[in-house]
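Here's a quick briefing to read alongside the model. Keep the structure open while you go through it.

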Amino acid sequence: QVQLVESGGDLVQPGGSLTLSCAASGSIFRIFDMAWYHQAPGKQRELVATMTRGGTTTYADSVKGRFTISRDIMKNTVYLQMNKLKPEDTAVYYCNAVAKSTEWTSAQNYWGQGTQVTVSS
């Protein structure tokens, strides 16, 4: 099994910046894609950004130019640098990883417990 633990959520003023981290641990053979999602109250969980093992990134239109996803392959960690934050960015942010626990098991989808980001003055 793979465990994902997010950190870095906080209360920040509009226009501010925040960096989220997500560290994977447990039985890890290989991590493929890693991603960040967010879920605002009363809304569905939405994709924010993804990064493949090879470094290809994709972003939701709402965060392009403001957020940057990065990862440290050796540390099994993914980051989300968030700049120019807006009140509408307020949500619980979840880390997601597609990973194999062993060489012989199929890849599975794993989720962290989430970290709260609140953008408010």
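S7 and S8 pair in the antiparallel sense over six bridges, in what is a predicted model. Strands here are DSSP runs of E with at least two residues, numbered from the N terminus, and two of them count as paired if DSSP finds at least two bridges between them. Within this pairing, Thr68 has Gln81 in S8 as its bridge partner.

**Ground rules**

- Since this is a predicted model, local features need pLDDT of at least 70 and side-chain atom pairs count only at pLDDT 80 or more, while totals for chains, interfaces and linings use all residues.
- Residues are numbered from 1 along each chain as its sequence is written, and side-chain values use heavy atoms, with hydrogens and water left out.

**The S7–S8 hairpin and its turn**

- S7 and S8 form a hairpin, with four residues between them.
- Asn76 sits in the loop between these two strands, S7 and S8.
- Asn76 has a positive phi of about 55 degrees, although it is not a glycine.
- Most residues other than glycine have a negative phi.
- With a relative accessible area of 23%, Asn76 is partly exposed; on this scale buried means under 20%, exposed over 50%, and partly exposed in between, using a 1.4 Å probe and protein chains only.
- Lys84 is another non-glycine with a positive phi, of about 50 degrees.
- You'll find Lys84 in the loop between S8 and S9, where it is exposed at a relative accessible area of 57%.

- Strands of a sheet pair through backbone hydrogen bonds.
- S1 and strand S3 (residues 18-26) pair in the antiparallel sense over six bridges.
- S3 and strand S8 (residues 77-82) also pair in the antiparallel sense over six bridges, with Leu20 opposite Leu80 in S8.

**Ser21, in strand S3**

- Ser21 lies in strand S3, and Ser7 stands opposite it.
- At 21% relative accessibility, Ser21 counts as partly exposed.
- Leaving out residues up to four places away in sequence, Ser21 touches Val5, Glu6, Ser7, Trp36, Val78 and Tyr79, where contact means heavy atoms within 4.5 Å.
- Ser21 and Val78 are 57 residues apart in sequence, yet 5.9 Å apart in space, C-alpha to C-alpha.

**The nonpolar core**

- The largest nonpolar core has 29 residues; such a core is a set of buried Ala, Val, Leu, Ile, Met, Phe, Trp, Tyr and Cys residues joined through side-chain atoms within 4.5 Å.
- Residues with the most contacts inside this core are Leu4, Trp36, Val48, Phe67, Leu80, Met82 and Tyr93.
- The elements giving two or more residues to this core include S1, S3, S7 and S8.
- S9 gives the most to this core, with five residues.
- Not counting residues up to four places away in sequence, Tyr93 touches a list of residues that includes Leu20, Trp36, Val48, Phe67, Leu80 and Met82.

**Asn109, in strand S10**

- Asn109 is found in strand S10 (residues 108-111), and it is partly exposed with a relative accessible area of 46%.
- Setting aside neighbours within four places in sequence, Asn109 is in contact with Asn96, Ala97 and Val98.
- The side chains of Asn109 and Asn96 make a polar contact (3.0 Å); that term means a pair of N or O atoms within 3.5 Å, where within protein one must be able to donate a hydrogen and the other to accept it, and residues adjacent in sequence count only if both atoms are side-chain atoms.

**The whole protein**

- The protein has zero helices and 11 strands.
- Buried residues make up 37% of its 121 residues.
- Its C-alpha trace spans about 50 × 25 × 25 Å along the principal axes.
- Among contacts between residues at least 6 apart in sequence, 54% join residues at least 24 apart.
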